[in-house]
Amino acid sequence: MNPPVEPPKPDLQGRKVLIVDDDRLNLRILSRILKPEGLIVEQVYSGEDALAQYATFMPDLVLLDVIMPGINGFETCRTLKARYGDNMAPVIFITAKAESDDVVEGLAAGGVDYLPKPFRGREAMARLKVHLQNRILNEEQKKLVAQLSAANSSKNKLLGMVAHDLRNPLATVRGLAEFLRDDGKDGKLTTDQIDLVENIYSVSQSMLEMVNELLDLSVIESGELKIHPKPVSLTEVLERSVTLNNINAAKKGSHINLKSVDLPAQLNVDGPKIKQVIDNLITNAIKFSPPNSSVSVEASQTAADCTVAVLDNGPGIPEDEMHKLFKDFSQTSVAPTAGEKSTGLGLAICRKIIEAHGGTIRANNRPGGGCTFMFSIPQPA
Amino acid sequence: MNFTGKVLLTDDEAHIRKFIGLVLKRLGSPVIIEAANGQEAVSLYEKHKPDLVLLDVNMPIMDGVQALTQIMQKDPQALVIMLTSLTNRQIVEQCATLGALDYLRKDLPRDEMIALLTKIIADCFGPEDSSSKEEAAAP
């Protein structure tokens, strides 16, 4: 039989062990077992001393006798647990007999193991090593998690700064291209030049959209997504969004129809953010439907919630990719039908906005073809 | 619209001044005075007494909030529109409290920007003859 493959063992050199026992012979025996392994050993003779010494020595492991004058081992352990919580070094009880009542009470007090007397050097060391190694791995993991979340938050900060600083110059490029385009309409440019200007305009426009999505994401990721709900007519938001998006849809020969709207007169939501979600769902529907398609927008209500659905004529989403839809930077294998760009962030942002409203967002393929994206927002009780 | 008033256009980025300058020219034939920071804006305001001030928020030397405070102190009637790159509600509200008339997002599509400025100017100076205060007073 092959031994199982084990992860590399951390070095125990220089790790600190606090031994607490009123029996000096026990202390000497244990020290003699531990010191050759390169461990730093500190000895105290009572629970009270242990509590004081722990605070300055900050051991990686505590060997704790149970029966001592003054506070006993269990009490000492409970006090340490109360003081240091999950950061407490592992405590191993020294027990005269492996009596199960003692063992159980020791584990309940926060100990991780027990060491029966008389000590057998190799067995004692083996047990100690396991707990020390766990302790070290645990600490390293905590450090890693802290490092990773610090790295993640500086990534978000950077993302925000970059997106923010790119936005104004891009808006200027787009705006200046529009002025140049006007010159083209006035006959001041050649056909080739007009084509170049159109390219500059559309590229800066789509870059601006991407930058805005990145900025949204960094705001959301840094926990700064704040919803400012006000009474809003969702019907008006839908009408405005459909009208505006129809201008772009027309370029692809497509049309957006707003049908069957049954909504309360006012809903307490963050209007601009909900509009952003609706815009995103409609833009996607146009992007992923073939040219000359018809996209439907429907809205309905129940006593519990209001639902907005956008029905496209695209190829649908492969079922095994459905789970990717609302995640950051995830794109499915389905591509836009006219070479449109996508960051894979839009739906993730939509999900976060809707969830911040206490709602849900989902998608499903229709048996007849096409895909339906819908979100629901709870009605006030 | 034929807006012929004096506009003090303040932003530390030359490309923004260029772009918004072109936007303003769509509203008529305004006289545009450019400033690159709050300090310049305050001293040019005193010198030219413009009809309208467009004031960026984040600028070196003196930011827009400070410049707004000083301009409003000197002339409580000043018409100031803040230029912002983010809808930072706190700053926008702070500027409104300090006396700013409105705010304009610099990343707005050009036509939206033209429409917004047209509306603001029509509200302040009347829809048709939107000449400057001094010129309007002249016979």
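Predicted model: local features only at pLDDT ≥ 70, side-chain atom pairs only at ≥ 80, totals over all residues.
**Chain A**

Chain A comprises 381 residues, of which 29% are buried. Its secondary structure consists of nine helices and 12 strands. Among the contacts in chain A with a separation of 6 or more, 66% are between residues 24 or more positions apart.

**The sheet of chain B**

In chain B, five strands build an open sheet with parallel pairing, arranged in the order β3-β2-β4-β5-β6. The edges of this sheet are formed by β3 (31-35) and β6 (102-105) of chain B, each of which pairs on one side only. From one strand to the next, the twist averages 20°.

Strands β4 (residues 52-56) and β5 (residues 80-84) of chain B run parallel and are joined by four bridges. Leu54(B) has Ile81(B) in β5(B) as its bridge partner. Helix α3 (residues 64-74) of chain B packs on the sheet, where it touches β4 and β5 of chain B. The direction of this helix makes about 155° with that of β4(B).

**Nonpolar cores**

In soluble globular proteins, nonpolar side chains tend to be buried together.

| Core | Size | Residues, among them |
|---|---|---|
| Largest nonpolar core | 43 residues | Val277(A), Ile278(A), Ile282(A) |
| Another core | 35 residues | Phe3(B), Leu9(B), Ile20(B) |

The residues with the most contacts inside the largest core include Leu281(A), Val310(A) and Cys350(A). Helix α8 (residues 271-288) of chain A supplies the largest share of this core, eight residues. Because domain 2 (154-221) and domain 3 (230-378) of chain A both give residues to the core, it lies between them. Leaving aside residues up to four places away in sequence, Leu281(A) touches Val310(A), Cys350(A) and Phe373(A).

The core of 35 residues lies apart from the largest one, and Ile81(B) is among its members. Ile81(B) is also the bridge partner of Leu54(B) in the sheet described above.

**Contact between the chains**

Chain A contributes 10 residues to the contact and chain B nine. On the side of chain B that touches chain A, helix α1 (residues 14-25) of chain B provides the largest share, four residues. By class, this side of chain B has four charged, three nonpolar and two polar residues.

Terms used:
Residues numbered from 1 in each chain as written. Chains lettered and ligands numbered in written order. Contact = placed C-beta atoms within 7 Å. Helix = DSSP H or I, 4+ residues; strand = E, 2+ residues; numbered from the N terminus. Nonpolar A, V, L, I, M, F, W, Y, C, P; charged D, E, K, R; others polar. Buried ≥ 20, exposed ≤ 12 C-beta atoms within 10 Å, placed from the backbone. Pairing = 2+ DSSP bridges. Axes fitted to C-alpha atoms, helices over the stretch in contact; angles between N-to-C directions. Core = buried A, V, L, I, M, F, W, Y, C linked by C-beta atoms within 7 Å. Domains from an automatic or database assignment.
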